[in-house]
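User: I am new to this structure and would like to know what the labels rest on. Please take my questions one at a time.

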Amino acid sequence: MTIQQIVFIVFALIITAGGVGVLVQRNPLYSAFSLILSFIGLAAMYILMGAQFLGVIQIVVYAGAIMVLFVFVIMLLNVRDDELHPDRHKYLLYIGVPLGLGLIAEVFYVVTRVQIAPAITDMHATGTVGTVERIGVGLLTEYLLPFEATSVLILMAVIGAMHLAKREKE
Amino acid sequence: MVPLSWYLALSAVLFTMGAVGILIKRNVIAVLLCLEMMLNAANLALVAFSSFFQQTDGQLLVFLVMVVAAAEAGVGLAIVISVFRNRETLDVDESHLMKL
């Protein structure tokens, strides 16, 4: 077992623990903190795969900006624990968990059965593809139109969020 | 090296946890958090394929997914604030009218 595999297992356990924490926590604030833990593990995974730029962006944008927005809204609304009617939706647990197990069984079946060409599975995840240079060149040449479209999308999101959250004047 | 299938298995586990969370959670903010988890599972699979096939396209797609996720979180949380102001609850079952 190489050092990369040990690192993978450690961070996979962190990611899975964070995800389980999101599911079992009653308080949404603790769920958000568990998800931040999970995102930091994912950033480590990206760096392990040689995607340095996305690893940094994962921490700055996801674990930083987006999750701070979530935590801010949770604290602003001062939500209490979400189980006000504990027994009313018990059956959802009995439906959701078997459905999830079925889904994961299907995905594992597909992942183990699909044959990828051996030359590609042996290919090492070296770190030249995820550098800032390669990402920047790709964004400003081949993916220029989607890149510009995202700026319009962000502008629309800002205007929409301001309009929706605005207090109506009486 | 870590095989590609390990990353895909982790991605599957993360995606399934997000899907189960959307099914069993009743708080709308917790549902949005589980949605973010599913987006990240897809991102992990994209980065894994991108780095194993030595193509940059997957990582560019992940970049775009992150932008869309940021926009989604901003608008979604604005809607949550607006709904909470009118209904005083975050239970998704209480908000069954298409009305803010």
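**Labels and their grounds**

Analyst: From the N terminus on, chain A runs α-α-α-α-α-α-α. The model is predicted: local features need pLDDT of at least 70, side-chain atom pairs count only at pLDDT 80 or more, and totals for chains, interfaces and linings use all residues. Residues are numbered from 1 along each chain as its sequence is written, chains are lettered from A and ligands numbered from 1 in the order in which they are written, and side-chain values use heavy atoms, with hydrogens and water left out.

User: How many helices and strands are there in chain B?

Analyst: Chain B has 3 helices and 0 strands, in the pattern α-α-α. Chain A has 7 helices and 0 strands. Helices (H or I, at least four residues) and strands (E, at least two) are DSSP runs, numbered from the N terminus.

User: Why is Asn43(B) called buried?

Analyst: Buried means under 20% relative accessible area, exposed over 50%, and partly exposed in between (1.4 Å probe, protein chains only). Asn43(B) has a relative accessible area of 0%, so Asn43(B) counts as buried. Asn43(B) lies in helix H2 (residues 28-52) of chain B.

User: What is Asn43(B) in contact with, leaving aside its neighbours within four places in sequence?

Analyst: Contact means heavy atoms within 4.5 Å. On that basis, Asn43(B) is in contact with Tyr46(A), Tyr62(A), Val62(B), Val65(B) and Met66(B).

User: Is Tyr46(A) buried or exposed?

Analyst: Tyr46(A) has a relative accessible area of 0%, and is therefore buried. Tyr46(A) belongs to helix H2 (residues 28-48) of chain A. Not counting residues up to four places away in sequence, Tyr46(A) touches residues including Leu54(A), Gln58(A), Asn40(B), Asn43(B) and Val47(B). Between Tyr46(A) and Gly130(A) there are 84 residues in sequence and 9.1 Å in space, C-alpha to C-alpha.

User: Why is H2(B) said to be largely enclosed by the rest of the structure?

Analyst: Of the 25 residues of H2(B), 19 are buried, so the helix is largely enclosed by the rest of the structure.

User: What caps the N-terminal end of H2(B)?

Analyst: Asn27(B) does, with a side-chain oxygen 2.9 Å from the backbone nitrogen of Ile29(B). A polar contact is a pair of N or O atoms within 3.5 Å; within protein, one must be able to donate a hydrogen and the other to accept it, and residues adjacent in sequence count only if both atoms are side-chain atoms. Just after H2(B), Gln54(B) takes a positive phi of about 60°.

User: Why does Leu93(A) count as partly exposed?

Analyst: Leu93(A) has 35% relative accessibility, and therefore counts as partly exposed. Leu93(A) is in helix H4 of chain A, and is one of the residues forming a nonpolar patch on the surface.

User: Which helix gives the most to the nonpolar patch?

Analyst: Helix H4 (residues 90-113) of chain A does, with 7 residues.

User: What part of each chain is buried?

Analyst: Buried residues make up 34% of the 170 residues in chain A and 61% of the 100 residues in chain B.

Terms used: Patches are made of residues with over 30% relative accessible area and no salt bridge: like charges are joined within 9 Å, nonpolar side chains (Val, Leu, Ile, Met, Phe, Trp, Tyr) within 5 Å. Accessible areas come from the Shrake-Rupley method with a 1.4 Å probe; for residues, only the protein chains shown count as cover. A salt bridge is a side-chain nitrogen of Lys or Arg within 4 Å of a carboxyl oxygen of Asp or Glu.
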